[in-house]
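Subject: Two-chain model, handover and notes

Hi,

Here is the model I said I would pass on. My notes follow below it.

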Amino acid sequence: MNVNIEKCGYCGACVGVCNYFAIELIENKIKIYDDKCINCKSCLIVCPLNALYL
Amino acid sequence: MIKLFNEEYDVIVVGAGPGGSISSYYASKNGAKTLLVEKSQEIGAPVRCAEAVPDLSEEFGINPHPSYIRNKIEGGILVAPNGKKITVKGGKTQGYIVDRKVFDKYLAIRSANVGTKIAVKSRVVGLEHDGNKYTVIINHLGNLYYVKAKIVIAADGVESSIGEMAGLKCKKKPTEICSCAEYEMTNVKYLDKNMMEFYFGDICPKGYTWIFPKGDTANIGLGIIDSKKKAIDYLNEFLENPLLEGRLDNAVPVEFKCGGAPVGGPIKKTVGDNIMVVGDAAGQISPISGGGIYFSISCGSIAGTVAGEAIKQGDYSEDFLINYEKQWKDKWYKLLKTELKYKKILQQFSEKELNALADAMDDNLEELEVSSLVYKAVKKAPSLLRYFKDLL
């Protein structure tokens with residue numbers, strides 16, 4: 001999973017649905033840990049701004 | 001601030017939203033040595049909310065302070081897809097539109113004033129449970145600090161990471177998250193400057209659209225659940241909707257906000273040994289309205305009080321902390337679960353069905369309790385009974 005920081009509104013909704021601790025919101029930056037992400041797309045569904053992409 | 005991390009605490013509260021500030025307030029007030037940890041550099045920002053808050057003075061002694069009150073609200077106008085308007089006034093529909101950036105800081109300061117220590121720009125990156133306490137691992141300015149606490153209160157909002165780290169099932173399913181986007185705009189023409197507006201239908205699948213007058217500005221936003229398009233797309237469409245014709249001609253945005261509201265109902269287990277979960281992280285939020293501040297404050301006040309008692313008794317086990325879960329469930333579990341059942345039905349409604357429901361309702365109502373509203377509507381339009389027969 002990848003994040004387009006131009007689109008991201010840093011709301012943290014994606015963090016709330018990630019069961020793998022693969023996303024963290026640090027101040028206004030989303031950090032995705034590829035080694036933990038299983039590409040389940042949960043985060044992609046809840047993003048209000050379409051900021052996440054595979 | 002670093003010296004704060006050299007101490008041990010009775011209670012560490014993670015997250016300085018309303019739930020966290022209130023939890024820490026009651027913990028401190030009940031004699032617990034309390035640290036409130038906020039990961040952002042600014043408490044209250046970024047705002048992820050439509051900023052409506054009920055009156056909190058009688059129940060919690062939080063008087064409406066001019067520093068954060070932006071507008072007084074007398075009720076709401078519900079607008080069905082066919083344009084039928086239902087006005088609801090009184091009771092729980094009354095309240096305020098606040099400036100959350102100021103409101104959240106106000107509540108944090110109120111907690112500090114009874115002894116809570118606060119660390120900002122301090123992100124909890126891990127929890128270690130050892131024996132009868134937690135070591136909370138905090139990243140502050142790139143350095144790690146290991147701070148011990150007898151009780152951790154997880155008030156980390158929709159992100160729901162802290163309770164999950166402690167082994168409680170806090171993370172949400174995507175279908176439980178209402179995905180929201182909002183512009184705060186100035187020069188908006190209101191229907192009524194003291195009434196909130198709510199719009200329903202295909203303009204925002206499974207959610208609703210709102211216009212909340214905030215004095216000089218208005219919060220115009222919407223929430224959707226698991227839809228084809230994104231919240232921002234529906235919002236931009238709404239701003240062009242003929243429903244609003246003439247009302248936004250000179251309107252310009254002064255802020256953009258977005259967020260996820262965990263509207264899937266409360267999580268199963270909100271306590272464990274040495275830990276409690278409050279607020280959005282615990283799913284303590286109205287499944288129908290997405291309003292969470294009142295529930296966070298109510299449940300946070302219980303969590304903080306129970307934490308204080310636990311410290312006095314020297315018992316931080318789940319057996320003692322379960323008092324928090326019992327008390328908040330006594331107050332709110334039934335209501336939240338009932339709302340959840342109605343929400344699941346209403347989510348499936350087509351515009352035609354929403355119109356039928358609205359047409360069966362009186363134009364003016366004095367309450368917004370969903371089960372009695374539906375009951376009255378079904379009495380007037382028995383064809384609606386088939387949807388609600390299991391609930392009524």
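In chain A, 46% of the 54 residues are buried. Buried means that 20 or more other C-beta atoms lie within 10 Å of the residue's own; exposed means 12 or fewer, and partly exposed is in between, with C-beta atoms placed from the backbone. This is a predicted model, so local features need pLDDT of at least 70 and side-chain atom pairs count only at pLDDT 80 or more, while totals for chains, interfaces and linings use all residues. Residues are numbered from 1 along each chain as its sequence is written, with chains lettered from A and ligands numbered from 1 in the order in which they are written.

Chain A

The secondary structure is 2 helices and 4 strands. Along the sequence, chain A reads β-α-β-β-α-β. Helices (H or I, at least four residues) and strands (E, at least two) are DSSP runs, numbered from the N terminus. The C-alpha atoms of chain A fill a box of roughly 25 × 20 × 15 Å along the principal axes. The radius of gyration of chain A is 10 Å, which agrees with the value near 10 Å for a compact globule of 54 residues. That radius is taken over C-alpha atoms, and the globule rule is 2.2 Å times the number of residues to the power 0.38.

Among the contacts in chain A with a separation of 6 or more, 59% are between residues 24 or more positions apart. A contact means that the C-beta atoms of two residues, placed from the backbone, lie within 7 Å.

Chain B

Chain B has 10 helices and 19 strands. Its C-alpha trace spans about 60 × 45 × 40 Å along the principal axes. For 392 residues, a compact globule would have a radius of gyration near 21 Å; chain B has 21 Å, in agreement. Buried residues make up 51% of chain B. Of its contacts with a separation of 6 or more, 70% join residues 24 or more positions apart.

Domains of chain B

There are two parts here: domain 1 (2-48 + 101-173 + 266-343) and domain 2 (52-98 + 174-262). The bounds come from an automatic or database domain assignment. The domain centres, taken over C-alpha atoms, are 27 Å apart. At the boundary, 18 residues of domain 1 are in contact with 21 residues of domain 2. On the domain 1 side, α3 (100-112) and α6 (293-313) of chain B each supply at least two residues. The largest share of that side, 4 residues, comes from α6(B). The domain 1 side divides into 9 nonpolar, 5 polar and 4 charged residues. Here Ala, Val, Leu, Ile, Met, Phe, Trp, Tyr, Cys and Pro count as nonpolar, Asp, Glu, Lys and Arg as charged, and the others, Gly among them, as polar.

Between the chains

20 residues of chain A are in contact with 26 residues of chain B. On the chain A side, α1 (13-16), β2 (23-26) and α2 (42-46) of chain A each give two or more residues. The chain A side divides into 13 nonpolar, 6 polar and 1 charged.

A bent helix

Look at α7 (residues 318-347) of chain B. A straight helix of 30 residues would span 44 Å at 1.5 Å a residue, but α7 of chain B spans only 36 Å between its end C-alpha atoms. The expected span is 1.5 Å times one less than the number of residues. α7(B) bends by about 50° at B:K329. The bend is the angle between axes fitted to the seven residues ending there and the seven starting there. Buried residues of α7(B) include B:L321, B:Y324, B:W328, B:L336 and B:L346. The buried residues of α7(B) pack against β17 (271-272), β18 (275-277), α6 and α9 (370-380) of chain B.

Backbone points to check

Most residues other than glycine have a negative phi, and most peptide bonds are trans.

- B:A45 and B:P46 are joined by a cis peptide bond, with omega about -5°. B:P46 is in the loop between β2 (34-37) and β3 (52-54) of chain B.
- A:F21 is not a glycine, yet has a positive phi of about 50°. A:F21 sits in the loop between α1 and β2 of chain A, and is partly exposed, with 16 other C-beta atoms within 10 Å.
- B:K206 is not a glycine either, and its phi is positive, about 65°. B:K206 lies in the loop between β13 (195-199) and β14 (208-214) of chain B, and is partly exposed, with 19 other C-beta atoms within 10 Å.

Best wishes
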